[in-house]
Amino acid sequence: MTDTDNGAANSATLEIESLGKTYTGRGEPVEAIADLSFTVAAGEFVCVVGPSGAGKTTLLRTLAGLLAPTTGEVRLAGSVVDAPPQGMAVVLQEYGRSLFPWLTVAQNVELPLKEKHVPSARRHELVRDALAAVSLAGDEDKYPWQLSGGMQQRVAIARAAAYEPQVLLMDEPFAAVDAQTRFELEDLVRRLWKRLGVTVVFVTHDIDEAIYLAERVLVLSGRPTVLLEDVTVDLGDERDQLETRSHAEFARLRTHVYELVQAAKKGARSLGEAHLSH
Ligand SMILES: Nc1ncnc2c1ncn2[C@@H]1O[C@H](COP(=O)(O)OP(=O)(O)OP(=O)(O)O)[C@@H](O)[C@H]1O
């Protein structure tokens, strides 16, 4: 596979249809997602932004099959998602909790491959390649607590990449790392996306990050969530931290998405209600 044929080998279209989620427990029911419908094409990179508490994590957990929708459904390659599907990998914000402290870096990356019954020789190859891709070759025998936060998150990304998922779901994966590391990890995820042809859904609070990474940015309203706008990011295939971010189109998109999120915070639930300045 070359760097340019992302998506070619991937049939993992994700369809979200009339999705609703209300939490019911001991207290008052909480309607997190009102009604969401959108499609993420196979091999596409989509970011999700919205106000705090909008239901972004709820959406991601539902896509991952970890949470059952109250209404509507999620389909992966045409099949309804009602449990964590094979071929899906999830990377969360809390890398500290997602790695097993008693396993080495290599063992952490290898574990899901064992569960997938990948033969031993192939496992070692995948682990080696994934660690090299995240610049951790040489650190395979270390334990997570011997690594910085950014390195631990690279291990979590390597683990997801080695698994060769069709779909990669990421929930605020870089929120807890410093700005410099964050830029490096963003570029790493873009490279992996291109190399693996994987379908990516990436939740972030950071509007600039969403625009830098994605081909489309889904802007959610406040809770109970509806889709405020599906914004196309026309910034080309090659992104560069300095060049792309200084592009006029980048600035235009940032202003637009920022205004949408501000409007969402004030309660806008449609583009008409958002009263954008342009
Ligand atoms: N298990 C639960 N039981 C009841 N309510 C919940 C539960 N999990 C989340 N919620 C509520 O659902 C709403 C959406 O939460 P969610 O974590 O999905 O939002 P979010 O957009 O990811 O937030 P943030 O940006 O702050 O991470 C919130 O009001 C939250 O309090």
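1. Gly 65 and its contacts. In this predicted model, Gly 65 touches Val 81, Asp 82, Ala 83, Pro 84 and Pro 85, leaving out residues up to four places away in sequence. Gly 65 sits in the loop between helix 1 and strand 4 (71-76). Is it buried or exposed? Gly 65 counts as partly exposed, because 17 other C-beta atoms lie within 10 Å, and a buried residue would need 20 or more. Gly 65 and Ser 52 are 13 residues apart in sequence, and their C-alpha atoms are 22 Å apart in space.

2. The ligand shell. Ser 52 is also one of the residues closest to the ligand, together with Tyr 23, Lys 56, Thr 57 and Thr 58. In total, 13 residues surround the ligand. Two elements each give two or more residues to this shell, namely strand 2 (30-40) and helix 1 (56-63). Helix 1 supplies the largest share, three residues. By type, the shell divides into seven polar, four nonpolar and two charged residues.

3. Confidence. The model scores ipTM 0.96 and pTM 0.90. The protein chain averages a pLDDT of 90, and 95% of the residues score at least 70. The stretch to treat separately is residues 1-9, where pLDDT stays under 50. For residues 1-9 the model has 15 contacts beyond four places in sequence.

4. In what order do the strands lie? The open sheet has 10 strands in the order 5-4-1-2-10-9-3-8-7-6, with mixed pairing. Its edge strands are strand 5 (79-80) and strand 6 (88-91), each of which pairs on one side only. As a reminder, strands of a sheet pair through backbone hydrogen bonds, either parallel or antiparallel.

5. Strand 2 and its two partners. Strand 2 runs antiparallel to strand 1 (residues 14-23), and seven bridges join them. Two of the facing pairs can be named: Thr 22 has Glu 31 of strand 2 as its bridge partner, and Glu 15 stands opposite Thr 39 in strand 2. With strand 10 (residues 225-232), strand 2 runs parallel, and two bridges join this pair. Here Asp 35 stands opposite Val 226 in strand 10.

6. The cis peptide. Which residues does the cis peptide bond join? It joins Arg 223 and Pro 224, with omega about -10°. Pro 224 lies in the loop between strand 9 (216-220) and strand 10.

7. The nonpolar core. The largest nonpolar core holds 75 residues. Those touching the most other members are Ala 158, Leu 169, Ala 214, Val 217, Val 219 and Val 257. Helix 5 (residues 149-162) gives this core its largest share, seven residues. Setting aside neighbours within four places in sequence, Val 257 is in contact with Val 49, Ile 207, Ala 210, Ile 211, Val 217, Val 219 and Val 231. In soluble globular proteins, nonpolar side chains tend to be buried together.

8. Helix 3. Which residues of helix 3 are buried? In helix 3 (residues 105-115) the buried residues are Val 105, Ala 106, Asn 108, Val 109, Glu 110 and Leu 113. The cover over these buried residues includes helix 4 and helix 5. Just after helix 3, His 117 takes a positive phi of about 60°.

9. Positive phi in two further loops. Ser 135, a residue other than glycine, has a positive phi near 60°. Ser 135 is placed in the loop between helix 4 (120-133) and helix 5. Ser 135 counts as partly exposed because 13 C-beta neighbours lie inside 10 Å. Glu 164 also has a positive phi, near 50°, in a residue other than glycine. Glu 164 is found in the loop between helix 5 and strand 7 (167-171). With 15 C-beta neighbours inside 10 Å, Glu 164 therefore counts as partly exposed.

Conventions:
Residues are numbered from 1 along each chain as its sequence is written. This is a predicted model: local features need pLDDT of at least 70, side-chain atom pairs count only at pLDDT 80 or more; totals for chains, interfaces and linings use all residues. A residue is near a molecule or strand if its C-beta atom, placed from the backbone, lies within 6 Å of it. Helices (H or I, at least four residues) and strands (E, at least two) are DSSP runs, numbered from the N terminus. Ala, Val, Leu, Ile, Met, Phe, Trp, Tyr, Cys and Pro count as nonpolar, Asp, Glu, Lys and Arg as charged, and the others, Gly among them, as polar. Two strands pair if DSSP finds at least two bridges between them. A nonpolar core is a set of buried Ala, Val, Leu, Ile, Met, Phe, Trp, Tyr and Cys residues joined through C-beta atoms within 7 Å. A residue is buried if 20 or more other C-beta atoms lie within 10 Å of its own, exposed if 12 or fewer, and partly exposed in between; C-beta atoms are placed from the backbone. Two residues are in contact if their C-beta atoms, placed from the backbone, lie within 7 Å. pLDDT is the predictor's confidence in each residue, from 0 to 100.
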